[in-house]
Amino acid sequence: MHSQDTWDVIVIGAGHAGAEAAAAAARMGARALLLTMNLDTIAQMSCNPAIGGLAKGQIVREVDALGGIMGRVADRTGIQFRLLNRSKGPAVRAPRAQSDKRLYQLAVKEELEGTAGVEIRQESVRAIKTLGGAVTGVTCGGGAEYRCRAVVLTPGTFLNAVLHIGEDVTAGGRGGEPAATGVSENLKEMGFCVGRLKTGTPARINALSIDYTKLIEQKGDEEPVPFSFATDNIDCAQVSCHIAHTNERTHEIIRANLHRAPLYTGQIKSAGPRYCPSIETKIIRFADKDRHQIFLEPEGINTREVYVNGASTSLPRDAQEAMLHSIEGLEDCRIMRYGYAVEYDYVPPTEIRATLETKRVEGLFFAGQINGTSGYEEAAGQGLLAGINAARRARGEDGITIGRHDAYIGVLIDDLVTKGIDEPYRMFTSRAEYRLLLRYDNADERLTPLGRQLGIVSAEAWRRFEEKTEQKRLISAFLSSTSPEGLSLTQRLKRPEMTIDQLAREYAELKAFSKDALMCVETDIKYSGYITREEAKVQKMRKHEGQRFPGNADYDALAELRFEAREKLKLHRPETIGQASRIPGVNPADISILMMYLKKGVPLEGRGAEAGA
C-alpha cells in the first residue's frame with residue numbers, strides 16, 4: 001500500500017450528505033476521498049427536483065452560512081423560486097426552489113471536482129475496516145483498499161435496497177441502479193443494530209401529453225429570494241408549476257387495486273414517511289376527503305419530464321396509468337418513469353452521538369438516510385457536520401455539536417440521538433421550540449461566526465457577513481435616532497401596519513442598505529419582545545445542556561430512578577442532562593435524580609451499586 005492511499009477522511013456515498021461531508025472535511029484542511037458507485041449520479045435528486053421548503057429552507061441557509069454547497073448550487077440551477085408563508089410570521093417563512101435536476105447534480109460535481117483537498121473515485125465499498133474499535137480504512141470491490149483516520153458513511157437508500165412496483169421486486173437503491181451490498185453485514189459484525197425503512201416516488205410524465213388549460217398555474221415570485229448569502233441575483237430562466245386534483249374516480253381506481261399494492265399486501269413490511277405518504281395511504285388515511293392536490297413540477301429546462309408531486313405510489317404499472325388518466329388535465333398523459341417504493345437498511349440513530357460519530361466505533365460517522373431521516377436538506381445538514389467532525393477526529397481533536405437553540409440542524413440531530421425514530425424523520429418548524437430565533441434570514445448571524453472560527457467559511461463570505469452586520473447597526477441607529485413628531489422610527493416600525501419598505505420610501509437614507517439587512521432589522525424590532533423571551537429560555541436551557549453526564553454511567557445503580565427511565569437511559573446513553581430531559585419516558589423527577597447524582601458522583605459501569613452508595 002503506497003502512502004498516497006492513506007487519507008484523513010473517506011466519505012462513502014456522493015449524495016447530498018456525502019457531497020457536503022467531503023467538501024466540509026476539505027475546507028477543514030483534511031485530505032478527503034469521496035467514493036461513489038457512479039460518478040454520473042453525484043448529488044442526484046432521486047425524488048422531488050426541489051430544494052428547501054418549510055424548515056428545510058432554513059436548513060439550506062444554515063448549510064450555506066457554514067460554507068456548504070447546497071444553497072449556492074440551488075441558486076445557480078433553480079427554475080422557480082417561492083418564499084413560502086409570506087403572509088405569516090417570520091418564524092415560519094421559508095425559501096423553496098424548483099431545480100433543474102440535471103444541472104443541479106452537474107453543478108455539485110463541478111464544485112467537488114474544483115475543491116482543493118477532495119478526490120473523487122468510482123468505487124463500490126464492500127466493508128469498513130477497524131482495529132481495536134477504531135476505523136482504519138475501507139475495502140472496495142476488486143480488492144482495492146484505502147487507509148484513513150475517519151470514515152463518513154452516507155449510503156442514502158442503497159443499503160440492501162429493493163424496489164417495488166406492484167408484485168415486481170428487484171434489487172436497487174434507485175430506479176435503474178444497483179443496491180449496495182456487503183456494508184450492512186459489515187455493520188452487523190461490528191455490533192450495530194440494522195433496521196429497514198421505506199420511501200417512495202411518483203411517476204414522471206411527458207409535459208407534451210398534459211392539458212395545461214385544465215390546470216391551475218402556479219408561478220414563482222417576481223423577486224426571487226436566494227438561498228445563499230453570497231447570491232445577489234437569480235439569473236436562471238423561470239418556469240411555472242401547475243396544480244391538479246384527484247377525484248372520486250381516482251380514489252375508486254386506487255381502492256380497487258389495493259390488493260395489488262405492496263404496502264397493503266404485506267410485501268412491504270417496513271415503515272414509510274408519515275408526512276409524505278403514498279397516494280394509496282392518503283386515500284385510506286383520509287377517507288373523508290373527496291380530492292387531493294397534485295403538483296406538476298418540471299424536472300428541468302431541457303427535459304420534458306414532469307414530476308407528479310403528491311402521487312407517490314408503488315401500484316402496478318397498469319393501475320398507475322389508470323389512476324393518472326382519471327385526473328383532469330392528465331387524461332392523455334404518457335408516463336416516462338413509473339413510480340416505485342424502495343426499502344433499505346438504516347441504523348437507529350440512538351447509535352450515534354450529537355457529533356454524528358458512532359458510539360461503537362471511533363472515527364466512524366453516519367449521515368443522511370442511514371440515520372433514519374428523509375429529505376435532501378436534512379441529509380446535507382448532517383453531512384456537513386459529519387465532515388467537520390471527521391476532519392477534527394482525523395487530527396485528534398474533539399468533535400463539535402450544534403445546539404437546538406443554534407440551528408434547525410441542531411434540532412434535527414438532537415431529535416435523532418435523544419428520541420430515535422420508528423419512521424423516516426422529516427423536519428418541521430413545529431419541532432423547534434425556539435423557531436423565532438431560528439429564522440431563515442438570520443442563519444448567517446447564528447452560524448457564520450462559528451464557521452469562521454472553524455476555518456470553513458471563506459474570506460469573501462466573512463466580508464459579506466461583516467458588511468451586513470455593519471449595515472444592520474447603521475439601520476438600527478438611524479431608526480432609533482430619527483424622531484419626527486417626537487416618535488422614533490423604531491417605535492413607528494413596531495406598529496403592525498408599518499413596514500420597513502414604507503419607511504424606505506419616506507427616508508432616502510434607508511435606500512442605501514440591502515433588503516436582507518433591512519428585513520432582519522424589521523423582524524428584530526417587530527418581534528423584540530418575543531425574541532427576548534425566547535433568548536431567556538435559551539439561557540435557562542443552556543445550564544442543563546452544559547452539564548455533561550458520563551457515557552458509562554451505571555443507571556441500574558441509581559435505585560431512585562423509575563424502571564422505564566433506567567431502560568431508556570441505558571438505550572440512549574445521553575451525553576448531557578439536556579439530552580436526557582428530551583428522551584421519551586424520562587420525566588422531570590428523573591432529571592432531578594440525575595442532577596443529584598451529578599453533584600455527589602455518578603456510579604460508573606463496572607463499579608456496581610456500591611460506587612453510588
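Biologist: How are helix 10 and helix 11 oriented to each other?

Modeller: Two packed helices are described by the angle between their axes and the distance between the axes. In this predicted model, the axes of helix 10 (residues 376–394) and helix 11 (residues 408–419) come within 10 Å and cross at roughly 85°. The two helices are therefore roughly perpendicular (65 to 115 degrees). Axes are lines fitted to C-alpha atoms over the stretch in contact, with angles from 0 to 180 degrees between N-to-C directions; helices are DSSP runs of H or I, at least four residues, numbered from the N terminus.

Biologist: Which residues make the contact?

Modeller: Contact means heavy atoms within 4.5 Å. Helix 10 contributes E378, G381, Q382 and L385, and helix 11 contributes I409, L412, I413 and L416.

Biologist: What separates the centres of domain 1 and domain 2?

Modeller: Domain bounds come from an automatic or database domain assignment, here domain 1 (204–341), domain 2 (458–534) and domain 3 (546–612). The centres of domain 1 and domain 2, over C-alpha atoms, are 42 Å apart. Four residues of domain 1 contact four of domain 2.

Biologist: How many salt bridges cross that interface?

Modeller: The rule needs a side-chain nitrogen of Lys or Arg within 4 Å of a carboxyl oxygen of Asp or Glu. It finds two between domain 1 and domain 2. Elsewhere in the listing of pairs, E223 and K515 form a salt bridge at 2.5 Å, N to O.

Biologist: Which conventions apply?

Modeller: Residues are numbered from 1 along each chain as its sequence is written. Local features need pLDDT of at least 70, side-chain atom pairs 80 or more, while totals for chains, interfaces and linings use all residues, and side-chain values use heavy atoms, without hydrogens and water.

Note on methods
Parallel < 35°, antiparallel > 145°, perpendicular 65-115°, else oblique.
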